[in-house]
Amino acid sequence: MKIIIGNDHAGYTLKLKIMKYLDEQGHKVIDCGSYNSESMDFPISVDKVVKNIRELDDAVGILICGTGVGMSIAANKYKGIRASLVSDLFTAQMTKEHNDSNVLCLGARTIESNEAISVVNTWISSKYLGGKYEVRNKMINKIEESEK
């Protein structure tokens, strides 16, 4: 799986741990985040992650900041991005199965690193169910189109 990962300064350390885990699992990981813990503006990473998702077939994204809130707000401004802020395994599974989430947002200051890795694993291993959820997701897409 191709996973595009981005972060700000607060998410730097967690990003490194998640990247190591994903690499060990054999995933192709593209790093679009900060490369140290010096302050940086998170929308820069969001933009890089989204552009890579759009350019690559079957790519998904992971965004990490202090709480995950800013990243999720910014990512959801982009058409076709379904970013979900997740801090537990059940939500990680449901957001993929029901909402076809293509970006996972995490808060480095709100989740312990081992739990974050479990969330990432659950999210990437879950599959979109379609069916009645497809109808709902099409309704969401219509909202995007009407807001242009």
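Strand β3, residues 59-65, is mostly covered, with seven of its seven residues buried. The model is a predicted one. The cover on β3 extends to both of its faces. Ala59, Gly61, Leu63 and Cys65 are buried on one side, and Val60, Ile62 and Ile64 are buried on the other.

The neighbours of β3 come next. Strand β1, residues 2-7, runs parallel to β3 and is joined to it by six bridges. Within this pairing, Asn7 has Ile64 of β3 as its bridge partner. Strand β5, residues 103-107, also pairs with β3 in the parallel sense, over five bridges. Here Ile64 stands opposite Leu106 of β5.

Helix α3 covers residues 69-75 and contains Ile73. Is Ile73 buried or exposed? Ile73 has a relative accessible area of 52%, and the cut-off for exposed is over 50%, so Ile73 counts as exposed. Together with Val69 and Leu85, Ile73 makes a nonpolar surface patch of about 240 Å².

How many aromatic pairs does a search of the whole structure find? The search finds zero. Trp123 does have a charged residue at its ring: Lys96 lies over the face of Trp123, 4.5 Å from the ring centre.

Notes:
Residues numbered from 1 in each chain as written. Predicted model: local features only at pLDDT ≥ 70, side-chain atom pairs only at ≥ 80, totals over all residues. Heavy atoms only, no water. Phe/Tyr/Trp six-rings, centres within 6.5 Å; stacked < 30°, edge-to-face > 60°. Lys NZ or Arg CZ within 6 Å of the ring centre and 35° of its normal. Patch = residues over 30% accessible without salt bridge, like charges linked within 9 Å, V, L, I, M, F, W, Y side chains within 5 Å. Areas by Shrake-Rupley, 256 points an atom, 1.4 Å probe, with all protein chains shown as cover. Salt bridge = Lys/Arg side-chain N within 4 Å of Asp/Glu carboxyl O. Helix = DSSP H or I, 4+ residues; strand = E, 2+ residues; numbered from the N terminus. Buried < 20%, exposed > 50% of the residue type's maximum accessible area, 1.4 Å probe, protein only. Pairing = 2+ DSSP bridges.
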